[in-house]
Amino acid sequence: CECCSVPSVCGAKKVQCPGTHHCIPHWELCDRHQDCEDGWDEEGCPQQPCLPGQWQCRNRVCIMAEWKCNGIDDCGDSSDEDVCAPCPPGMVRCDEGKCILESLMCNDEDDCLDGTDEPSTCGDLCVAAGHCPCGWGQGEVRSHSTSFCSARVDIRSGDLYWLAFLHLSCPRTHVPCRDGTECVAQEYMCDGEKDCADGSDEDRCAQLCNTPGRNHSSYPCGLGSCLNASLVCNSQQDCTDGSDEGGNCSVPCQRSCAHLCYPSPQGPRCWCDPGYRLAEDGLSCMDIDECTEWGEGACTQTCINAPGSYSCGCLPGYLLEPDSRVCKLTGPEPMLLVAVQSEVLSRGLRSGHEEVLLATDKDRVVFSLDYDLVERKVFWMDLATESIRWQDFDLGKKGTLVKGVRSDCIAVDWLGRNLYWTDGAAGQLLATRLGAAWRGVPEYTVVMDGDLDQPHSLVLQPLAGLLYWSEVGSHPRLMEATMDGSRRHVLLAQGLGWPTALALDLPTWRIFWLDEKLGSVSSARLDGTSVKVLQLSWVQSPFAAAVCEGQLYWSERKAWSVQQVDKGSGKNRTVLLKRHGQPHGLQVATGGSPEPCCTNGCAKSNGGCAQLCLPNP
């Protein structure tokens, strides 16, 4: 299950829309956008709409008071950080309180609302100063990666000063573009696409001819391209700037190279065969472990390193594509299931074909959902009746599994034949049998109770007998436990804001989560290591997430849409669905039957239990 939801009984950071289980963050009150279905959140808004314990942003949005000056733009217009002192390195404060990049001063544009970044003293500052103290010629500005020398004016006094070594304060997972206006993920550097507006993320990449997929016998041309070493010093200008010819090309190769020796304008050089890199001694060659160094850049699933090479493989149920790198699901087309208001829609991930699978009464909301791949049933939380219901895909049969429950997220254990759910208000994780039938009395058990700080999203790993969940209380964290609730431990407790959507990607052994507060897509290995964070501006109010092959899918409540990005890079964003109504639960259903060998302690004869059996691997 890759699903999540907003607590049906709101936590400390949310308020409840009257008459519903729908909760919205405090800052969505009186923000001039209807978030409650009946518009309650925008009714009777006073001039000062913030509630006790909140702080009003410049754009009239309300945030929790303790979020002010926390280093994160919670307002959306940065006014909660503009009032803080001091400004980040490389920035100065306008009279109005806003921080701007020092590089934006005296650029003939009013970046401060009050114009204090363009004082009358702006002009030919190098002439006024008479020299450039950074060590370069008068009036000259040079750029070297993140440092340059430039004349600037002090906003307060109007005095001339010199600014050196400018840099933008970026998250640790990101790097600044040369113009200082934005940050991009480290993974985007030298990936062949210009992600910085000034293209600086692809500059000087010739020095990185060892990036994934490139021949390690490559010669860096001066203008950014890589040239095969065999074309260097061949009396023909192959580099655009001619840097592959001349110089010491005539000096013969007399070095004791382990693999190859080529002449170059810098003199003879040793080169290595593909799959090797030159050792520090400049003579011998070392094998490159592409599987470790390139990650999914080498193979999307399994990778086996070999001397000078590597090979990719796929897990059962997948087939290796002709590119010998990407694995695709075999069997029927995988389907994306999405709950939109009172309906569940399906969309073919190959064909794009859409259809309505089920429709409930208009006054009901299909919230969290999951799919049982054994019996081909969809289960969902019905908020109106506080019940978990199901429908058979093939026969069209319907039923009610359990009533009188408040579920934030449901998850199906297709192997152990149980259904789990979280209750954020009660701080509990519960379970019942998939084959249970409503007989007037709730039949379920509390798997975990106590010490759960608003459990939220929930995903299962049936083959390993493990479950993972997020907590969005005062101390957000990602947790892991066995399916009987034992062996509980913290998977991750740092760098989290509001992890509202979890998804497992078992072929790569990673867990993904979308963070509503930080506006990010993150992932980690299932042991909590190798954390990867991508700041994505379009992640605003994620509700549910799912991973299939190389794509990450999620539902956006505010945008009323389902979107997808490349799971590794966060690029190639696509809006798949946009309907008049908020999307909630989301899941990928695959048509293939589970392997008959697959089992756990509860899969056979219900583990010998008379009622509920919970796996403990």
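Q: Which cysteine does Cys 314 pair with in a disulfide?
A: Cys 314 is joined to Cys 327 by a disulfide, S to S 2.0 Å, where a disulfide is a pair of cysteine sulfur atoms within 2.5 Å. This is a predicted model, in which local features need pLDDT of at least 70 and side-chain atom pairs count only at pLDDT 80 or more, while totals for chains, interfaces and linings use all residues. Residues are numbered from 1 along each chain as its sequence is written, and side-chain values use heavy atoms, with hydrogens and water left out.

Q: And where do Cys 314 and Cys 327 sit in the chain?
A: The pair links distant parts of the chain, 13 residues apart, with Cys 314 in the loop between strand E19 (309–313) and strand E20 (318–320), and Cys 327 in strand E21 (residues 327–329). Helices (H or I, at least four residues) and strands (E, at least two) are DSSP runs, numbered from the N terminus.

Q: What does the Cys 177 and Cys 196 pair tie together?
A: Cys 177 lies in the loop between strand E10 (174–176) and strand E11 (183–185), and Cys 196 lies in the loop between E11 and strand E12 (218–220), so the pair ties together parts that are 19 residues apart in sequence. Cys 177 and Cys 196 are both buried.

Q: Why is the disulfide of Cys 257 and Cys 270 left-handed?
A: The torsion about the S-S bond of Cys 257 and Cys 270 is about -75 degrees, so that disulfide is left-handed. Cys 257 is in the loop between strand E13 (226–228) and strand E14 (260–262), and Cys 270 is in strand E15 (residues 269–271).

Q: Switching to rings, how many aromatic pairs turn up?
A: A search of the whole structure finds five aromatic pairs. One of them is Trp 294 with Tyr 310, an edge-to-face pair at 5.8 Å centre to centre with 80 degrees between the planes. Rings of Phe, Tyr and Trp (its six-membered ring) pair if their centres lie within 6.5 Å, and planes under 30 degrees apart count as stacked, over 60 as edge-to-face and the rest as tilted.

Q: Where are Trp 294 and Tyr 310?
A: Trp 294 is in helix H3 (residues 290–294) and Tyr 310 is in strand E19, 16 residues apart. Trp 294 is buried, with a relative accessible area of 15%, while Tyr 310 counts as partly exposed at 28%.

Q: What about the largest nonpolar core, how many residues has it?
A: The largest nonpolar core has 46 residues, and those with the most contacts inside it include Leu 336, Phe 379 and Ile 388. A nonpolar core is a set of buried Ala, Val, Leu, Ile, Met, Phe, Trp, Tyr and Cys residues joined through side-chain atoms within 4.5 Å.

Q: Which strand gives the most to this core?
A: Strand E22 (residues 335–340) gives the most, with five residues. A second, separate core of 18 residues includes Ala 185, Val 539, Val 547 and Trp 554.

Conventions:
Buried < 20%, exposed > 50% of the residue type's maximum accessible area, 1.4 Å probe, protein only.
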